[in-house]
Amino acid sequence: MSLTILGLILAGLLFWLAPLLRRGLDRLTGVSRNQRASVLVLSLLLRGVVIGMIALLWLGLTQFRQTVPLETRARIDVLLDVSESLVHGDAPAVAEYLAAADRLSANIVRDLGVDADVRKRVFAEGSQELDRFANGLNAVRDLNGAATDLSAIVAETLAAGAGSPAQVIVLMTDGLTTRQGAEDPDQITQVLQLLAGGEVPVLVVPQNGNPAHRLERPDSPRFIIGEAQNLSLLRQGDLENRLVALPVDLAIKPQPEQRVAYLGALQGEAVQDLFRFACLDGDPVGTAAIIISEGADTVSCSPLILEQETEGAFVQMTLALDDAPEPVPQARIAQPVLPDNLQSRIIPAMAIPRVLWLDGGQQPIALIDTVMEELNWQIERVTPEDLPRRTGVDAAEPLDFFDFDLIIMTDLAPGQIGDGLSQQVLLGEVEDFVQRGGGLFIAGGDETFGVKGLAATPIAQVLPVNVDPKGSSGDPKVLAVGVLDVSASLFYKPETLDRAVNYIVESFAPLSEGSLVRVFGFSDEVHELVPLDTFQGVEALETQIRDALSLLAEEFERRRQLGLQPEGLAMYDALAETRRSLIMAQEAGLDLPDERRVLIISDGADPDLGAFLSWRVDEDGVFQRDNAPALAARLNSEDDFIINGIAMAYGEGSLPDAYTVLNSRDATLRQRFGIASEGFNALFNVSQAGGGYAYLDQFTIPIGQLARRMTTYKDEQIEEPSFNQQHRFFDGMPVRDYGVGAISGYSILSARDGARFILGQPGYQPEEGRPLDLALWTDWVLTRSPQSTAEGLIERAALGGRVSVLGTSLRDGGAEDSLSNNAIFQVALARALAWATRTDPRDAVGLELTRDSRNHMLLALDHQSIDPFAPTGFVAELFAVETGEPGADGATAEGKDTDADTDRGEPLARFELTGSERRWLGDFGPIRELPEVFELRIRGEGTDRQGRARAFEKSGLIRPALLHRQTEPLALDRGADLPSLRALALASGGTVLDPEDLAVPQALVQLDQTGTRERVWDLTWALVVLMITALIADYLIREYLSEAES
Amino acid sequence: MAEPMMARHAFPLLRLALGGLIALVLAFGLLVAQANRAQAQAFDPQDPYRRVFLDMMLTFTSSAERSEDWTNDWDSLRAARDLQEELRLCGTWYRTDLVNHLLEIMNSNKEDTNLLVAVSGILRAAVAFSRMDEEGGKLSLSVVPDDIIVREDIQVLIDYITRYMGIEDQYYASLWFGQVLMPRGLAPPGLADNWYPKAEFLVGDLERFIPFAETAFDSDFLDWPITAAMRLRRDDLASRLQARYDAARPYNITKLLFLESPTARAAHCQGLLQGVRDRLLQSSQLTAQAEAASTDVRFASWTLLLCGQFADSRRSARKQAWFRQSQRCGFRRESANVTDFYNAILSGSYLATEQRKNGEALRSAFTLEEIVAEIRQVLYLDSFTGMGHINIVLDEDIAMYMKHLHGIPPELRVVEGLLEEARENTDLAVRAWRAALDSEELHERWVITLQAWVEAGSSRVSIIDATDSAG
């Protein structure tokens, strides 16, 4: 407004000064003019009008309003997919693709028949807006076409169009989100969610790939390698070669006549005999070539089995189409010479499984050795006694469970492993190993699982069945004795003591009605806290304990003033006092339950070793030594007590399990743990001798279940088990012929929730208990990767799980009629082991070797470790490989020394990859400067969970000439993903259009034209015009006046 | 040309390896020594006084007397070294004094064979006495010529030996040394004025102690002269001594024996207990660890027992016993082991009585079982001193103090019977047990046991499962 005012002031000045200026000019130039009366009149008139108008405007009329009818336009977003599954920026006919899109969008807009704003956008992983697609050549090159982010572009378009009266999206895409054309249901689901409701209809124009829009020889077949399959696809007969099964599809432009393709894989020096697989529409196993029928566009091959014996961790796969298929077949093509008629991919090969065999028995188990030999797996046998030394930090070559794929435990008793802490840590590590994908196979009798067995150890958490508590049937009455350490070191740590009381209360909470309870405090003498009586509920128990403790605190205060603080817990005496509970019960006339439990909660930091030992002199004066574990063992064997313990660690809060603490970097936690561990070990020894288990400051199992004892399955044997003979587990096993009665049977069952008794026993209910004297338990609660459908899951579970448990020992002497000598059982065992081993290697290194447009060879490394291995660097080294000329049959020279362990000499090149965590990248430089073939060795370095340096190495042979260009689409001729596109169109209320025959629905877009809108005129410019008019008028009048004067 | 080079290089390598090996051996030796040390420090109920020490001394002197010059004799040197190693592991000031003096004599007189033989004889006697071999010991001592015994260094040696025996509860050794040397006028003053009379009081003849009682009073005899006089029914002497005692220390323990009225005794106890409390509290403040035992509460349990604080007395006694047991071989690892045990037993029997009277019959029976187990333990320990304490416990602690102050409940009768049995007075033992039975107050478990004991005339019958009373 200030500008207007300034203009007005200026106009006013000029208005009045203009005649004077004019006169001045005339004077200067010496011109003299005439003046007429009419001019004067006109001028005066104009001035009057102008002044009037200015005044009017000035007083407020700056706007003029008018109501007019409203006209609306729809918004049409045309989205064109330029990802590499469809088009490549450098392809010769790419402009044609874009121009066709322009034409197509113009036709669609026209057919829609509405007034519209058309916006055009090309997209792949990113997107770019264009006024015409034909101008988008550079955009196609700039966008990363390796993948398509369909959901992002749709979301972006919807957001941009929000608020427009109507919006239509025209989507020109093939619906494939990766270059390989793999299905990506997640993407599609996201898009469907975005479009659901049909507010913005999508007209999908499916784009089928056209070879002319891609680079180079479009007639070459492409191959699509799926995710490595697990073993579920394998059947009997595949056990010898089961490790990497790659489903391979060949995609090819339909050929006018029958052709031959050759698939080769180079692993190490050797050319793999890959022709052990069959392709549909192709030749059966054993031929050298894949016959591609006339007109076929895809050839699906059965999983490709890679041999494991050969060296190297990478396999370079090549595929070539023979241009001159006659005569068929060419021997085999291993080393194609011309790079442009084949392509290759690098895939990781799984190593030979490594098996750790923890064997607690003495005599050898020939069966396991035999099975391992047959499977050709590497096995390392370690005795449990050796474990703490082998896994210790000061071990020269520490044994790391995670280096193995399968752990076999036979007849292992946790007590063999060493002290309590070692047991908890090592068994905790085994559990962690399983949780992270490792396999576990356990065989042993009920001793192995019951008391002093695995029942209360961390292993129990991964057992496929719950080991039944002894007497779990019928909710038994229990005599539960709680022994609370009230020595000064614990009593005067309120938070720790409080937690200790809670442990007792929580442990005793599930006691059944009629149980007997006694809780006494112990330092060097007895302090009865809860006298022996029937259990009155957990609240009453807690009140009693806390009241008694506060009274005890007063008494301790009195004693403190005498210097008689309570001593440390005399474990031996406490146990002796425990035993007196039986006499007390008799004296009080209470029914003594058969189930007797002791829970000792003591100060883990205060191992009173003096009180751990004891000596006495018998009535004959004979000196006798004794110690707490021995007394505990007598309590267990003679009086049926099961003794459990919880060792307290000073400080706030319970401790996590030992294994977690040792791998934690929390100094406080480790310190608490360290202080408490010595006392814990003492308590553990006592507990274990007493048939139970001890925990380090954690509440794990209620006392009723502590030290669970497995009921023996032999008691519940069923005479003639019947089998579901259709079950795939029995494929190839002569169940029918052999006669099932020869062995009492297998069952595969899981007692966990949702488990099924898979063998078809009529009317069987899991709660009936195990019906057979041999149970192969499998666990399908722990799923294998990759995920599958529910049906698939069960199917796999039926075949075996990562944890298999055999409820009988394999040490049965191997006599003729023994189990381990039974042929069916041997196959079953081999199968169970094969199923238990993990399918993902500890360090999976996905390697992508590509050639870019500069012809540089690029390496992308995707590292995945199943345990927290933190890589700090990867080093790639190139070594020369001397190769002979390929033989006539295409195979590399055979019989050459290819020992991988021999000194490879100096590397040709060595560089560090850049990246972090999972993704690492490197550039080998121009492909022309690389040797024809070289060995690539990748060395990964990093730290493991405990901060120790760890490294691994993988190597393989690379032939750079066989690398395909990164830009070549692998989804060639896959065609558009029509089902997804249809779903998409349907969800949005749109339709799928056929580009050849456009049938655009007319009524799709309705525009409402009945509205009105207000038009507003801004009169500020009129003011300016008026001023100019006034100036002109003034000029004229001055002109006239000056002329008149002259 | 190459070979000499190699040799030159090889030599330092060899030396290095050797050095490493030696270091390894040394380290291993150190570890073994550490382990031995730990073992030696632990309380060993089967040799609580670690009498292996005496044997080592004797091994050394015997070896030395046979050799011409023991400082050049490998066996003797090794024996001497073993002795020093033993001192390092389990040395006390009185052991160290003894060994140092012995070595000095042996070294300065290494050519005087007669002297070496005499020293060996004296040690042989000491070893024999500690093994309760009175005759052998006296014979060994009798062949040592008087002129050697009177030598000043030998007098000091005997003084050190008897001091060692006295401190380590080997009362019979002191007694028999005294019996041999006193008549010959060869006893060193320490033996004559202290260890010998003490031994007469504890394990010898009270009549022979009395002459010393009066003259030696005010030394560290404490209340023994008074109780000895009372036991011999020489009340005038006892009263006289007590009067002197009262003048020196108003709050003394024996005064309780002269106070008849419970009120007066209670008043006196107040003073005694105050002293105990002060000492206990002081000691508890001295120590950083709440559970660490006090150092100077030696008589607390006894005073508490006399003044009727049985639970605290037992606690204190047991604590002392544990504390001493946990000590390394050193000062305060001596006789009090046994005394503390006996105190705990006496206070425990009254505690059992209290529990019974409070209606905790079963708990009382358990306590009594514990006590019986402890009696068996202490008798085992006391056997290493030749039952050096049992007389004072029976004849003085129970017969005088307990009877006078608290009476004798059936629980104490059980204890008394067991102790009398150990003193081989089976009749008295059975009488005590029968008295306990007659009271008809004990728990059924004990009634059964005592009946069996009385019938068998021995406690060597097991009725109750021994492990019930373990601990």
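Biologist: Where is the place of Thr303(B)?

Modeller: Thr303(B) sits in helix 16 of chain B, residues 300–306. Helices here are DSSP runs of H or I with at least four residues, strands are runs of E with at least two, and both are numbered from the N terminus. This is a predicted model, in which local features need pLDDT of at least 70 and side-chain atom pairs count only at pLDDT 80 or more, while totals for chains, interfaces and linings use all residues. Residues are numbered from 1 along each chain as its sequence is written, chains are lettered from A and ligands numbered from 1 in the order in which they are written, and side-chain values use heavy atoms, with hydrogens and water left out.

Biologist: Why does Thr303(B) count as buried?

Modeller: Buried means under 20% relative accessible area, exposed over 50%, and partly exposed in between, with a 1.4 Å probe and protein chains only. Thr303(B) has 4% relative accessibility, so the residue counts as buried.

Biologist: Which residues does Thr303(B) touch, not counting residues up to four places away in sequence?

Modeller: Thr303(B) touches Ile253(B), Leu272(B) and Val276(B). A contact requires heavy atoms within 4.5 Å.

Biologist: What is the make-up of chain B as a whole?

Modeller: Chain B has 23 helices and zero strands. Of its 471 residues, 54% count as buried. Its accessible surface, by the Shrake-Rupley method with a 1.4 Å probe and, for residues, only the protein chains shown as cover, is about 21,100 Å², with 54% belonging to carbon and sulfur atoms.

Biologist: How many helices and strands has chain A?

Modeller: Chain A has 23 helices and 39 strands. Buried residues account for 53% of its 1046 residues. Among its contacts between residues at least 6 apart in sequence, 79% join residues at least 24 apart. Val1024(A) lies in helix 23 (residues 1020–1045) of chain A.

Biologist: How do you know that strand 22 of chain A is largely enclosed by the rest of the structure?

Modeller: Nine of the nine residues of strand 22 (residues 595–603) are buried, so the strand is largely enclosed. Seven bridges join strand 22 to strand 19 (residues 478–485) of chain A, in parallel, and eight join strand 22 to strand 25 (residues 641–648), also running parallel. Two strands pair if DSSP finds at least two bridges between them. Ala480(A) has Arg597(A) as its bridge partner, and Asp603(A) stands opposite Met648(A).

Biologist: Why are strand 4 and strand 38 of chain A said to stand at the edges?

Modeller: The open sheet has six strands in the order 4-3-2-5-6-38, with mixed pairing. Strand 4 (127–130) and strand 38 (991–992) each have a single partner strand, so one side of each is left without a neighbour in the sheet. Within this order, strand 2 (residues 74–81) and strand 5 (residues 167–173) pair in the parallel sense over six bridges, Val78(A) having Val170(A) as its bridge partner.

Biologist: What span does helix 18 of chain A reach, and what is expected?

Modeller: Helix 18 (residues 667–689) has 23 residues and reaches 32 Å from its first C-alpha to its last, close to the 33 Å expected. The expected span is 1.5 Å times one less than the number of residues.

Biologist: Where is the kink in helix 18 of chain A centred?

Modeller: The kink, of about 45 degrees, is centred on Ser677(A). The bend at a residue is the angle between axes fitted to the seven residues ending there and the seven starting there.
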